[in-house]
Amino acid sequence: MSSDTGTKKMGLVGLTVLVAVNMMGSGIIMLPASLAQVGAISMLSWIVTALGAMCIAYTFAKCGAFCKRSGGMSAYAEEAHGKSSFFISSYTYYVCLVISCVAIAVSALGYIKPFMPWLDTPIHTFFGVVAILIFTMVANFGGAKITGQISAFTVWGIIIPVAGLSIIGWWWFDPQTFMSAWNPHHDTTMHSVSSGIALTLWAFLGIESAGANSDAVENPERNVPLAVLFGTGFAAIIYIASTGVIQGIIPNAELSASTAPFGLVFSHMFNPMVGNIVTLAAVIACIGSLLGWQFTNAQVSKAAADEGLFPKIFAKTNKAGVPIAGMLIMLTAEIILAVMTISPNLISQFNALLNLAVFINMVPYILSMTGLEVLLRKNMVSKKQYRLGATVGTLAVLYSIYGVYACGATAVFGGTILTLLGYIFYGFIAARDTKPEVKAN
């Protein structure tokens, strides 16, 4: 009997849609307000980031196609830099996800504020963020199936409004409003673009997972790189269109002060009730996204613990296979971070967390993408394939370094300290795995 396994595999179109949907989570919902502080000139940042993100996506797709072992980015990094980079990649990715979860919780709270104005004080904001983090963490105790079902449904709460705004918003678009917001601070073009790079790069974080479905795809060597390029390109178009149109509808001063920009724009386009519905949908999307990222980070730490790179407590699971102890440790780290980043307003807190998360995430990005050339040589690809992969991979790394620069001195300083702390932990791991050459007296 002939096998029909091939017919059940995903094609190019299906994978492209999957990549785009996975990327377009909650990362965009606060960005219009943050980008309004730079001005409409941030459209140029989107273009630069879109090109850089496509290079990153292609590089990760190639790494995933040629690296047959588990570990994802950490495994790619080890190909070029050895065992310590496997740990540092896992460690920094874990730290990045902790930061990202707090940033998403802040985004959710920003969209809740129109319904609960008393959340305006820093102390109320802090307790609100902690409540959201605890709620999503506890919701994950039910296991992967429940988390997956909730996340797959709630993500549409932001995708539909953002994509819809990109299409119908142009009927309300005012070129004069857009141009008056072009460069409100009268900075140089280079400075303005750099100011927006970290913000726009935030929306593409998670792109490293784009090539994770190779085994379920028809002709993966061809379709996976194409799907990540098309999917990233599609997401970039939606990002650029939605943030561009919103800056032509809402005056810049009002937009830059909003904690719920997509709810605000739909209120302007239709009426406050529609705006409230979009705001509520965005809250639900944030909760679902946070639920997924909390679960993902718990699995990242569990996988590292299974490899002997994280403490064993991260690998302990309950009957549903959920690493509850590891999740509680993660929750503690998130609460500490929420305390450390308390700010007079939510947008300032969100921007501080965003810059820190982007910097930390560039560490495993750069370590892993520099492993592509090793993987290409190990797989004995043709000279043409090698040159293309090496060229795109180098551009992706250079863009990632630019992303580090764009995060600003405060984020780079704090992120560097956090990264260096990881080497202390690795020193104990390396010592544990080293066999003594001389017996103790």
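This is a predicted model: local features need pLDDT of at least 70, side-chain atom pairs count only at pLDDT 80 or more; totals for chains, interfaces and linings use all residues.
**Overall build**

The protein has 441 residues, and its secondary structure comes to 19 helices and 0 strands. A compact globule with 441 residues would have a radius of gyration near 22 Å, and the protein agrees with this, having 22 Å. Along the principal axes, the C-alpha atoms fill a box of roughly 75 × 55 × 50 Å. Of the 441 residues, 55% are buried. Among contacts in the protein with a separation of 6 or more, 82% are between residues 24 or more positions apart.

Helix H3 covers residues 43-66, which is 24 residues. From its first C-alpha to its last, H3 reaches 35 Å, close to the 34 Å expected at 1.5 Å a residue. Because 19 of its 24 residues are buried, H3 is largely enclosed by the rest of the structure.

Helix H8 covers residues 156-168 and has 13 residues. The end C-alpha atoms of H8 are 17 Å apart, which agrees with the 18 Å that its residues should span at 1.5 Å a residue. The buried residues in H8 include Gly157, Ile158, Ile159, Pro161, Val162, Leu165 and Ser166. Ile159, a residue of helix H8, has a relative accessible area of 7% and is buried. Between the C-alpha atoms of Ile159 and Pro344 there are 29 Å, and these two residues are 185 residues apart along the chain.

**Aromatic rings**

The structure holds 20 aromatic pairs. One of them joins Tyr91 and Phe425, with ring centres 6.0 Å apart and planes at 70 degrees, so the pair is edge-to-face. Tyr91 belongs to helix H5 (residues 83-112) and Phe425 to helix H19 (residues 409-433), so this pair ties together parts that are 334 residues apart in sequence. The two residues can also be described by their accessibility. Tyr91 is buried, with a relative accessible area of 10%, whereas Phe425 has 44% relative accessibility and counts as partly exposed.

A further pair is formed by Phe310 and Phe314, whose ring centres are 5.6 Å apart. The planes of these two rings are at 65 degrees, so the pair is edge-to-face. Phe310 and Phe314 are both buried.

Tyr91, Phe425, Phe310 and Phe314 are also part of a cluster linked by ring pairs, together with Phe87, Tyr94 and Tyr426.

Another ring has a charged residue over its face: Arg377 lies over Tyr386, at 4.6 Å from the ring centre.

**Cysteines**

How many disulfides does the structure hold? The number is 0. A disulfide is a covalent bond between the sulfur atoms of two cysteines. Cys67 is in no disulfide, and its nearest cysteine sulfur, that of Cys63, is 7.7 Å away. At that distance the two sulfur atoms are not within 2.5 Å, the cut-off for a disulfide. Cys101 is likewise in no disulfide, and the nearest cysteine sulfur to Cys101 is that of Cys96, 9.3 Å away. Cys67 counts as buried at 7% relative accessibility, and Cys101 is buried with a relative accessible area of 0%.

Thr279 is placed in helix H14 (residues 272-306). Its relative accessible area is 3%, so Thr279 is buried. Not counting residues up to four places away in sequence, Thr279 touches Tyr111, Pro114, Phe115, Ala260 and Gly263.

Gly143 lies in a loop, between helix H6 (122-139) and helix H7 (144-154). Is Gly143 buried or exposed? Gly143 counts as buried, at 4% relative accessibility. Leaving aside neighbours within four places in sequence, Gly143 is in contact with Phe295, Ala320 and Val322. Gly143 and Phe295 are 152 residues apart along the chain, and their C-alpha atoms are separated by 8.7 Å.

**Accessibility of the residues discussed**

The table gathers the values for some of the residues described above.

| Residue | Relative accessible area | Class |
|---|---|---|
| Tyr91 | 10% | buried |
| Phe425 | 44% | partly exposed |
| Cys67 | 7% | buried |
| Cys101 | 0% | buried |
| Thr279 | 3% | buried |
| Ile159 | 7% | buried |
| Gly143 | 4% | buried |

Note on methods:
Residues are numbered from 1 along each chain as its sequence is written. Side-chain values use heavy atoms; hydrogens and water are left out. Helices (H or I, at least four residues) and strands (E, at least two) are DSSP runs, numbered from the N terminus. The expected span of a helix is 1.5 Å times one less than its number of residues. Buried means under 20% relative accessible area, exposed over 50%, partly exposed in between (1.4 Å probe, protein chains only). Rings of Phe, Tyr and Trp (its six-membered ring) pair if their centres lie within 6.5 Å; planes under 30 degrees apart count as stacked, over 60 as edge-to-face and the rest as tilted. A charge sits over a ring if NZ of Lys or CZ of Arg is within 6 Å of the ring centre and within 35 degrees of the ring normal. The radius of gyration is taken over C-alpha atoms; the globule rule is 2.2 Å times the number of residues to the power 0.38. Contact means heavy atoms within 4.5 Å.
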